[in-house]
Amino acid sequence: MVYNKRNLFDYMNGEAEVYLPAGFRLLYTQIYQKKDAGSRMIADVFDMGTLDGARTVFKKFSEEGCSQVHDLGDAAWTDNWVVMFRRGRYYLKVYRDPSPENEVKPTLEDMLDLSHAVDG
């Protein structure tokens, strides 16, 4: 799915207010399923328009309770529930699909594998 400034609130309500002032342009979101484990994850790729926009959003969401992840994007953090990183003008996050049909929770390693694939 692709979201823009007009329909971003359809995908996220309160959080949209963080992205819009930072220069948000588009959001690309996709559900992935790991075949061998059956776990489902969501990858959100936010085109923030500029490097500064991506930095602003990344800083907002990676301030507390996170651990740095090396060799991913320009900067990356995780709290073991979500992997957040930025690459150029993009802010990206990979996290567990919260829908009820997702019975198998992805591991941190699953989310890191998907993050590296998206970053590549």
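These legends describe close-up views of a predicted model. Local features need pLDDT of at least 70, side-chain atom pairs count only at pLDDT 80 or more, and totals for chains, interfaces and linings use all residues. Residues are numbered from 1 along each chain as its sequence is written, and side-chain values use heavy atoms, leaving out hydrogens and water.

**View 1. Seven strands make an open sheet.** The sheet has 7 strands, in the order β1-β2-β3-β7-β6-β5-β4. Strands (E, at least two residues) and helices (H or I, at least four) are DSSP runs, numbered from the N terminus. The pairing is antiparallel. Two strands pair if DSSP finds at least two bridges between them. Strands of a sheet pair through backbone hydrogen bonds, either parallel or antiparallel. The edge strands are β1 and β4 (67-68), and each pairs on one side only.

**View 2. Strand β2 pairs with β1 and with β3.** β1 (residues 2-3) and β2 (residues 26-33) run antiparallel, joined by 2 bridges. Here V2 has Y28 of β2 as its bridge partner. β2 also pairs with β3 (residues 40-47), through 8 antiparallel bridges. L26 is bridged to D47 in β3. The hairpin of β2 and β3 has 6 residues between its strands, and G38 takes a positive phi near 85° there.

View 3. Strand β5 (residues 75-78) and β6 are antiparallel, with 4 bridges. A75 has R86 of β6 as its bridge partner. Helix α3 packs on the sheet and touches β5, β6 and β7; its direction makes about 155° with that of β6. Helix α4 (residues 108-119) also packs on the sheet, touching β2, β3, β5, β6 and β7, and its direction makes about 20° with that of β6. Axes are lines fitted to C-alpha atoms, for helices over the stretch in contact; angles run from 0 to 180 degrees between N-to-C directions.

**View 4. The largest nonpolar core has 20 residues.** A nonpolar core is a set of buried Ala, Val, Leu, Ile, Met, Phe, Trp, Tyr and Cys residues joined through side-chain atoms within 4.5 Å. Buried means under 20% relative accessible area (1.4 Å probe, protein chains only). L8, Y19, F46, M48 and Y91 have the most contacts inside this core. Two or more residues each come from α2 (16-19), β3, α3 (51-61), β6 (82-87) and β7 (90-96). The largest share, 3 residues, comes from α3. Another core lies apart from it, with 13 residues, among them M41, V69, L72 and V94.

**View 5. Y91 and its contacts.** Contact means heavy atoms within 4.5 Å. Leaving aside neighbours within four places in sequence, Y91 is in contact with residues including Y19, F46, M48, F58 and M84.

How values were computed:
Buried < 20%, exposed > 50% of the residue type's maximum accessible area, 1.4 Å probe, protein only.
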